[in-house]
Amino acid sequence: MSQTRVLALVGSLRTGSVNRQLAETAVSVAADGTSVTLFEGLGDLPFYNEDIDVPGATIAGVDELRAAAAQADALLLVTPEYNGTIPAVLKNAIDWISRPYGAGAVKDKPVAVVSASPSPNGAKWAHDDTRKALGIAGGKLVDAELSIGSTITKFGEAHPRDNAEIAGQIAELLATLVAATELVDA
């Protein structure tokens, strides 16, 4: 049985972010045969600029992101909502892995999105914008969505992995994502 590699990108740079904790939950609930790796360093990426994204260029952080995305079988993006949309750091990562146009590391790769917010809305606008950007970038969106609202009430000081309902929902989403990789390989 081969290992399915999932790369998780988190749209919040804050260490204690509930979105980061949700990505950590994905790491802890991944089924046997699935590994989830959190990419560190999104905050170090320069903003996407076609003037510096030229053949042969070495761009600190970008090369690592593109290599990690290329080696992954699937991507999991976890996003908060900033002013009603996707955080700039996550959108920037999507821009980098979508290039070169038509052949970026996200092309034809199964992708899923989890969003979370203290509001009851569950960062749904950011969730939808992230899915839209991933689809345009060439990712294959899986038929699984998870938006978690009222996170302060739901988790308090506890880690989301300690919430059986949320941990189960994330495990189910990962199973759907892994199943989609098997369809790509078929």
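The lining of the largest pocket comprises eight nonpolar, eight polar and three charged residues, where Ala, Val, Leu, Ile, Met, Phe, Trp, Tyr, Cys and Pro count as nonpolar, Asp, Glu, Lys and Arg as charged, and the others, Gly among them, as polar. The model is predicted, with local features requiring pLDDT of at least 70 and side-chain atom pairs pLDDT 80 or more, whereas totals for chains, interfaces and linings use all residues. Residues are numbered from 1 along each chain as its sequence is written, and side-chain values use heavy atoms, leaving out hydrogens and water.

On a 1 Å grid over the protein atoms alone, a pocket is an open set of points with protein on both sides within 12 Å along at least five of seven lines, a cavity is a set where a 1.4 Å probe fits but cannot get out, and lining residues have an atom within 4 Å of a point. Points are joined across faces, edges and corners, and a volume is the space filled by probe spheres set on them. The largest pocket holds about 340 Å³. Of its 19 lining residues, Arg-14, Gly-16, Ser-17, Val-18 and Thr-151 lie nearest the centre. Helix 1 (18-29) and helix 5 (151-155) are the elements that give two or more residues to this lining; helices (H or I, at least four residues) and strands (E, at least two) are DSSP runs numbered from the N terminus.

The second largest pocket has a volume of about 210 Å³. Its lining includes Lys-91, Asp-95, Arg-99 and Lys-107, and divides into five nonpolar, three polar and four charged residues.

One cavity of 30 Å³ or more was found, and the largest cavity contains about 30 Å³ of space. Leu-22, Leu-76, Val-78, Val-114, Ile-170 and Leu-173 line this cavity, with strand 3 (74-79) and helix 6 (164-185) each giving two or more residues. The lining has six nonpolar residues and no polar or charged ones.

Five strands form an open sheet in the order 2-1-3-4-5, with parallel pairing (at least two DSSP bridges between two strands). Strand 2 (34-38) and strand 5 (140-148) are the edge strands, each pairing on one side only. Neighbouring strands are turned by 20° against each other on average, direction ignored; axes are lines fitted to C-alpha atoms, for helices over the stretch in contact, and angles run from 0 to 180 degrees between N-to-C directions. Strand 1 (residues 4-10) pairs with strand 3 over five bridges, and Val-10 has Val-78 of strand 3 as its bridge partner. Helix 1 packs on the sheet, touching strand 1, strand 2, strand 3, strand 4 (110-116) and strand 5 (contact meaning heavy atoms within 4.5 Å), and its direction makes about 155° with that of strand 2.
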